[in-house]
Amino acid sequence: MRGSVRYRIRHETTYAYRNDVVHSHQLLHLVPRPTAYQQCQEHVINVTPAFYRKRNEIDTFGNLVTRVEFDHPHRRLEVATDMEVEVHPRPAVDAADSFSWERAAAELNYRNSDPARESLEACRFRHESPYVRIKRQFNEYAAECFTKGRPVLACAEELMRKLHKDFRYAPGETTISTPLMEVLKNRRGVCQDFSHLMIACLRARGLAARYVSGYIRQVPASPDALVGWGASHAWVAVYAPPFGWFELDPTNGMFVGTDHISVAWGRDFGDVSPLRGIILGGGSHRLSVGVKVEVIPS
Amino acid sequence: MTEPNPKVKPSTLTAGTVTPGSLAAYVPDARRYDELLDDKGLVRPHWQPLIDQLTRDDARAVARRGLERTRRLIVENGVTYNVYADPQGADRPWALDPVPLLLLAEEWREMEAGLAQRARLIDALLADIYGPQRLLCEGLVPPELVFGHPNYLWPCQGIVPRGRNWLHVYAADLARAPDGRWWLLADRTQAPSGAGYALENREIVEQVLPQAIRQLEVRRTTGVFSELREQLLSHGDEGENPLAVILTPGPFNETYFEHAYLSRQLGVPLAEGTDLTVRDDTVYLKTLAGLKRVHTILRRLDDDFCDPLELRSDSTLGIPGLLGAVRANRVVMANALGTGVLESAAWLGFLPRIAERLLGEKLSLPSVATWWCGEKPALDYVLAHLDKLVIKPTYPNQRFEPVFGHNLGGEARKRVIQRLRARPYAYVAQEHLSLSQTPIWRPHGALGFAATPVSIRMYAVAGLSGTRVMPGGLARVAADATIDVVSTQRGGGSKDIWVLPDSSEDTVAVGTSRSPGAQVRHDDIPSRLVENLYWFGRYTVRCEDKARLLRGTLTARSDEGVWNAAVKFCRDLGVISIDGDPALSLDDRNPQGVVADVRRLAWCASQVRTRLSASYWRAVNEMQRRLQDSVAAREEPRAALDQLLLSLAALAGFAFDDMTQDEGWRLLRVGRRLERLQFAAGLLAQHLGSEWATRQSHVEWLLEAYDSTRIYRSRYVVAPRLGPMLDLLVRDSEHPRALAFQWRAIARDLEILATSLGITGELGLDEAIPQLTDAKLMALESDGADAVQARQSMAERLRALSWAAGQLSDRLSLRHFSHIALDAQALAT
């Protein structure tokens, strides 16, 4: 397709444990789900040490998930995924043609009658979730973006730009357990924080918003390199009738297009974290993550 | 529902059979339905026989005796209810008023049918929510109630439990309105508590009012538990002996007593999350003899805590990988994971239509009028009628206490209205229902009956042949006669419910309802429990050894030589801190001191509480409390130590006379003996290596610290000397404090243990007891360089023995407990 981009991606995660891990369950969200704008043509997940069992499933949000179980003592866990993904351009939309944000929110309210299928689907992403509590402060912070009668996409775009402007990208200063209220106060964080914050501001208005995890095109030498390469990335999708879901990247202040490769989506990070596991033993650990995104010349 | 209908009731009683003195103090509130008296103030006929019995003789004396007996039985049975941060301490005695709530067969029949219908409805509703979600698509259920509920478990979407059975134990709270009808207040679908307390209440009331319960032919309540047990144990694969466990959050949970009680009643072991492990989609219990497959888990843990891998990752109480086993249909969860989504008052208003859609039936049990504010018309109504309503949160994790609209004034009212407008879907309004009232015996002051608001909790269980409702349940009375919120956490009391027999039926056999209480098989005891028993044994002896050493030291105060040596021993062993003065007071900050060890002992005891009798458990608590008091009061340490040693002696007695002598008990005993051996060998080595090893006063002191002065005197004519002392404390095979005695006893216990567990590969002490011939003993106590040399080498041997005891202890834990020595950690990238 014209304007499509093909990527070769390698994503490595290594845990080095101080002591033996005697038993371990891992849940991997590492394979890009098929969407209207992308296809994963090839993927392979390499896991060491030898696992006891591995199984592929589809989770409740439609993501591809791999479960791995280890039952032999080990001090190192390596998970490496190699994949090739083709990403297509998305049709341009005029933000002005989206419903007003008030109407977009009201359409999702329960009205004692059968809802539209898309609305019901959107309702799944409208509420508090473990990493996204809804607080009054989010409404106050985003108030200027949600002026009366403004199209919902215009609101979302302004909110994205505001976050991009107000917040500093500061790797290592927050962790996944840093509360959103603290992120809001300190005005710094990484893609997870930017995304969670934007989702919280949208949901606080009664809108539906989901968390998308994936990768971003890597242009290391370029002076206008995008933030977020070298690791997995995350951004936000907002439900904007009549267009449906629309994706925005608050960390880079840009709309999502052919620079982004989505892997999975859910209510927040917790639903789609690349590796989620429970280990028995292990003591302290060191984690290293590496992501390489290359464009395959056509 | 109808409005409260105030009726004027005469406050003087006219019933001929009632002695005016006994019921005169019973002053009903005319706005409430009265369980005891009818509109005319006459005793309702079904209460008459009970009232006659309770008032026939001296009514005050009957009440006093009844209350006393109830209190005593509660203490004897160890019935407690833990309340976090309770001024009465972590374990609060259960509050029970022995006067039962009487219900007629006819009214019960309707309630029973209503509850069973509701249980069916809830199963069908859960099947839809976690399945095709037709009700959501058809608009019969607001998405907010499902997707917004913290206990809607997303990873459980699509799971169909074995037998399509979501509820195994279901409870509902009901209350009787002034119109005389019973209304449902709330559904308990997660892991309903209280059924165990209901059974316990019956056991106690049966002993307090034995004649009345026989005369009234009250229906028995234990039957449903046999049916539940049968069902829970029906999920084995072919040829398997199915194993069920009760999953508990642990001893600090408020209803832990009940978990332990149900474990006994159902004959299934009590397990914490760390006792269970998932391998290859199969759940196993870690037992002393290895891993055993678990087929059914009766959970008393909220569902979102059950699997840190897929549910709340911050849960340390769950079982990693459990959901995989559930999905593979390899384990039955009772109740199924995800049932908590129905615990919200918001559902009540939608259930009638859901019942018609799913069952094609009308709901027979009415629920109290409820408005979910997420619908615009409902919100408008609620705002217009705030004074008549109670406002509650929709979701259980909201920080919002229910408020009565009529109590809201000024600012508070404004704030509530603001909240309702900002997030209407997060609030529910309910009509304020005046609870009915029932007589209790006044616990304080003037004896006699008082009228108190009451609500009841009914229970239904899934049996093999369908839903069974417990004929009885838990009645709860308010702590304050004027309020309409009844909560055990807020200090209310409980009552037994007596369902009277149907006049049209033959009477059901009545008698004692105490069921045999099936035994938990010994090999199903979780190894964590056994490990704690083992350490309980060790700490009991460690405390005793240290207390004795300290007391012996204090006794030696007058002899400076001995005193200095003794204090040095104590310091070397860590019993007193490096700058501590044992004469001043017991040091509760020294981590190796006796006070700290008593705390550890009590902690171990709390972990093995289910294995200790009520009096054993009480003795441990009492001991710790007394020691803490005397430390706080900076009491004279010798008196405190005397008291402590007395208590510890009592614990030793309990350990041998008051416990089932199974593998767990045997390991407790091994723990005691290893501890004693390790400590004694170490102390003797210290003594032998010291320059005063042969001095009489020091030998005397050591004998005292070993509690062996008397036996020495009876055995040897000579004054205390090193040789005979070693003969007694090392080589004697009959003196229970001698190393040889302990050594042999440990070897014997380990052999029996290995045989009963079918384990090969001998575990034992790597060091033998040093051989002591008479000549050797003589040599050890002589003077000169050779003797010093001999004593040093003997000291080395004893040190090695002490070390070997520690080694054996480690190997024991590796073999029997190690699979639990590691903590699970949650990691996410």
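Select B:Val283 and show its neighbours. Leaving out residues up to four places away in sequence, B:Val283 touches B:Leu276, B:Val278, B:Val294, B:Ile297, B:Ile319, B:Leu322, B:Ala325 and B:Val331. Two residues touch, or are in contact, if their C-beta atoms, placed from the backbone, lie within 7 Å.

Before the next stop, a note on the model. It is predicted: local features need pLDDT of at least 70, side-chain atom pairs count only at pLDDT 80 or more, and totals for chains, interfaces and linings use all residues. Residues are numbered from 1 along each chain as its sequence is written, while chains are lettered from A and ligands numbered from 1 in the order in which they are written.

Nonpolar side chains tend to be buried together in soluble globular proteins.

**A sheet in chain B**

Colour strands S7, S6, S11 and S12 of chain B. In that order, the four make an open sheet with parallel pairing. Strands pair if DSSP finds at least two bridges between them. At the edges are S7 (270-271) and S12 (332-334), each pairing on one side only. Zoom in on S11 (residues 296-299): three bridges join S11 of chain B to S12. Look for B:Thr296, which stands opposite B:Val332.

Move to the end of S12. The peptide bond from B:Ala334 to B:Asn335 is cis, with omega near 0 degrees. B:Asn335 sits in the loop between S12 and helix H12 (351-358) of chain B.

**A hairpin and a helix**

Select strand S5 (residues 182-188) of chain B. Six of its seven residues are buried, so S5 is largely enclosed by the rest of the structure. B:Ala171 has B:Arg188 as its bridge partner. Five residues lie between the strands of this hairpin, where B:Gly180 takes a positive phi near 90 degrees.

Next, helix H2 (residues 48-55) of chain B. Its buried residues are B:Leu50, B:Ile51, B:Leu54 and B:Thr55. Look down the axis of H2: these residues fall within an arc of 115 degrees, so they line one face of the helix. The arc is that of the directions from the helix axis to the C-beta atoms.

**Two loop residues**

B:Arg634 has a positive phi of about 50 degrees although it is not a glycine. Find B:Arg634 between helices H18 (614-632) and H19 (637-657) of chain B. Is B:Arg634 buried or exposed? B:Arg634 is exposed, with 11 other C-beta atoms within 10 Å.

Then go to B:Asp707, in the loop between helices H21 (696-705) and H22 (709-715) of chain B. Its phi is positive too, near 60 degrees. B:Asp707 is partly exposed, with 16 other C-beta atoms within 10 Å.

**Where the chains meet**

Show both chains. Their contact takes 30 residues from chain B and 32 residues from chain A. On the chain B side, strand S22 (824-828) is one of the elements that give two or more residues. S22 gives the most, with five residues.

**Last stop: chain A**

Colour domain 1 (5-88 + 273-295) and domain 2 (95-256) of chain A. Such bounds come from an automatic or database domain assignment. The two domain centres, taken over C-alpha atoms, are 26 Å apart. Seven residues of domain 1 are in contact with eight residues of domain 2.

Definitions and conventions. Buried ≥ 20, exposed ≤ 12 C-beta atoms within 10 Å, placed from the backbone.
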